[in-house]
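Morning, everyone. Please take a look at the model on the screen, and then I will walk you through a few parts.

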Amino acid sequence: MNKKHCNALLPLVQLLPAVAAAAAVLFALPRTVPVLAAVPERLAVVMEQPVEAAFSEAEEEALPKLPYADGVYVGSSRGYGGAVRVQVTMENGSITEVEILDASHETKQFLRRAKRLLTTVVEAQSWEVDAVSEATYTSRGILGAVQNALTGDVVNNPLPPQPKPAAPLVVEEFTAPSIYLDGIYTAEAMGFEGQITVQVTVAEDKITDITLLSAEDEEEYLSRAKQVIPAILEGQSPNVDAVSGATYSSTGILNAVKLALAKAAVAPAEEAAPAQEASEETAEEAAPSEAPDEEMPVTAPTVEVVQPEEKSTVPAWLKEVWQQLFPADTPASSEPEPASSEEVLPASEAVLPPEETGIESETEGAAE
């Protein structure tokens, strides 16, 4: 019986390992479901990592090494308003950094746009990239400076169109007066694009303040041109040099200050003018009183002597009397001395010889 029971239980005993395994699977199955769900994602990550690494290695191999030694290089090229200077850093045959050292002549708003090229050049490892729209000339200055820094070649960028001034450049003359009148004076002069108006304050015979009231020129040039204001205050004179790069604007400020100071000037010549005019008037009043004294000796003898009829008859009558008294003893051409001439002639004519009196009367009569 025992053997029979043992033989009957033997199949059940052989099934115990399978039952235990099945129980273990059923017990662990709820915990393994999330793990099995995450298996595809983990497989995807494992597959992607080698691909990305391979792509980055291929990209590095695609960018050629530049034939320039490692170091820091400086170059320049012409931009919109002047030269643009940049610094280029080379490491392991690649451009690692581009920095602008000087672009003071460029318009600030255009320079901000053109600075995008600093990153573009590093990414492309080349200066042969497109310029930034609406900042073309400044962009060309940056790219040309990078090329000049690495190659040493001089890059001649085309000149931008030059604007024309509103009027020709004129420099006002100014002579410092002996003294200024205290006050606030305003004047205007022509700049590059239009009028520039300034206000000048004078106190105790000194220029104490200069204010730029209005101007039509661009702020970039005006900011440079304003450098003449402290120079004027320091030297107490507007006769200072204009600012290079803002010649028209700075000259306009200087001319306006000169015109304002001319209003404050007290000229000695103006003070002496009334006295001079008074002396001229006195001389003009005295001149007419002297004229009659000079004319009297000339006209008086003419009025007293002119008696044409009497003077023309006297010589003939005297000649007849003379011939009767002295018929043939004395020639007619000789000058007689009549004894009765004082009785016949008027007292005013007795002192003149007869022939001279006759000659003078004819001449004066003909002249009248």
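**A sheet, a hairpin and a pocket**

Strands here are DSSP runs of E with at least two residues, helices are runs of H or I with at least four, and both are numbered from the N terminus. Two strands pair if DSSP finds at least two bridges between them.

A word on the source. This is a predicted model, where local features need pLDDT of at least 70, side-chain atom pairs count only at pLDDT 80 or more, and totals for chains, interfaces and linings use all residues. Residues are numbered from 1 along each chain as its sequence is written, and side-chain values use heavy atoms, with hydrogens and water left out.

Back to the sheet. Strand S2, residues 83–91, runs antiparallel to S3, and seven bridges join them. The open sheet has three strands in the order S1-S2-S3, with antiparallel pairing. Strands S1 (71–78) and S3 (94–102) are at the edges with a single partner strand each, so one side of each has no neighbour in the sheet. From one strand to the next, the twist averages 25°.

What lies across S1, S2 and S3? Helix H4, residues 136–151, and its direction is about 140° to S1. Axes are lines fitted to C-alpha atoms, for helices over the stretch in contact (heavy atoms within 4.5 Å). Angles run from 0 to 180 degrees between N-to-C directions.

Next, salt bridges: a side-chain nitrogen of Lys or Arg within 4 Å of a carboxyl oxygen of Asp or Glu. The whole structure has two. One joins Arg113 and Glu134, with the closest N and O atoms 2.9 Å apart. Arg113 is in helix H2 (residues 108–114) and Glu134 is in the loop between helix H3 (117–124) and H4, so the pair ties together parts 21 residues apart in sequence.

Now the hairpin. Strands S5 (residues 195–203) and S6 (residues 206–215) run antiparallel, joined by eight bridges. Thr197 stands opposite Ser214 in S6. Two residues sit between the strands of this hairpin, and Glu204 takes a positive phi near 55°.

Last, a pocket. On a 1 Å grid over the protein atoms alone, a pocket is an open set of points where a 1.4 Å probe fits, with protein on both sides within 12 Å along at least five of seven lines; lining residues have an atom within 4 Å of a point. The second largest pocket is lined by 21 residues, and Gln162, Pro163, Phe192, Tyr221 and Gly245 lie nearest its centre. Helices H5 (219–225) and H7 (247–264) each supply at least two residues of that lining.
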